[in-house]
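Please examine the structure shown below.

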Amino acid sequence: MIFAAHQLQEKGQEQNRDLYTMFVDLAKAFGIVSREGLWRIMEKFGCPSKFISLVCQFHNGMLARVLDDGDSSDAFPVTNGVKQGCVLAHMLFSMMFSAMLSDAFCDDEETSIKIR
């Protein structure tokens, strides 16, 4: 992995291109998914509107509490992220991540770094 990053850096410098690097902590990424963005991405990937509506209703109105040494906090709304423990969570997150990667790696001749 380090070798590949080093190669990209060298190629970027050779071709006088900017190189941007992004690291994603996948253990925490499920909680930061934008729900409004997710609904749009599901629509873009061709999910039926009825299914999107069902998933949306499942996530709307979600509340959480924090447990600290046996004491529970007041309930607060959870407005982003996919529902932890849900069988759909992995699929929903994968759709979001796939859309982000597709956007990041689109073939744009102006900004791409050529590697042979």
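Asn16 belongs to the loop that connects helix 1 and helix 2, where helices (H or I, at least four residues) and strands (E, at least two) are DSSP runs numbered from the N terminus. Although Asn16 is not a glycine, its phi is positive, about 55°. Asn16 counts as exposed because its relative accessibility is 72%; here buried means under 20% relative accessible area, exposed over 50%, and partly exposed in between, with a 1.4 Å probe and protein chains only. The model is a predicted one, in which local features need pLDDT of at least 70 and side-chain atom pairs count only at pLDDT 80 or more, while totals for chains, interfaces and linings use all residues. Residues are numbered from 1 along each chain as its sequence is written, and side-chain values use heavy atoms, with hydrogens and water left out.

Tyr20 is also placed in the loop between helix 1 and helix 2, and with 71% relative accessibility it counts as exposed. From Tyr20 to Gln57 the sequence separation is 37 residues, and the C-alpha atoms are 37 Å apart in space. Another non-glycine residue with a positive phi of about 55° is Asp69, which sits in the loop between strand 2 (67-68) and strand 3 (71-72). Asp69 has a relative accessible area of 75% and is therefore exposed. A positive phi, near 90°, is found in Gly46 as well, which follows helix 3.

In soluble globular proteins, nonpolar side chains tend to be buried together.

In helix 3, the buried residues are Arg35, Gly37, Leu38, Trp39, Ile41 and Met42. Helix 4 and helix 5 are among the elements that cover them.

Not counting residues up to four places away in sequence, His59 touches Arg35, Trp39, Gly81, Val82, Lys83 and Leu92. A polar atom of the His59 side chain lies 3.1 Å from the backbone nitrogen of Lys83.

Where does the structure hold a salt bridge? A search of the whole structure finds one, and it joins the side chains of Glu14 and Lys11, at 3.6 Å from N to O. A salt bridge here is a side-chain nitrogen of Lys or Arg within 4 Å of a carboxyl oxygen of Asp or Glu. Both residues lie in helix 1 (residues 2-14), three residues apart, about one turn of the helix. Glu14 counts as exposed because its relative accessibility is 57%, whereas Lys11, at 25%, counts as partly exposed.

The surface also carries a nonpolar patch of about 370 Å², made by Met22, Val24, Leu26 and Met100. Patches consist of residues with over 30% relative accessible area and no salt bridge, with like charges joined within 9 Å and nonpolar side chains (Val, Leu, Ile, Met, Phe, Trp, Tyr) within 5 Å; accessible areas come from the Shrake-Rupley method with a 1.4 Å probe, and for residues only the protein chains shown count as cover. Leu26, in helix 2 (residues 26-29), counts as partly exposed because its relative accessibility is 45%.

Terms used. Contact means heavy atoms within 4.5 Å. A polar contact is a pair of N or O atoms within 3.5 Å; within protein, one must be able to donate a hydrogen and the other to accept it, and residues adjacent in sequence count only if both atoms are side-chain atoms.
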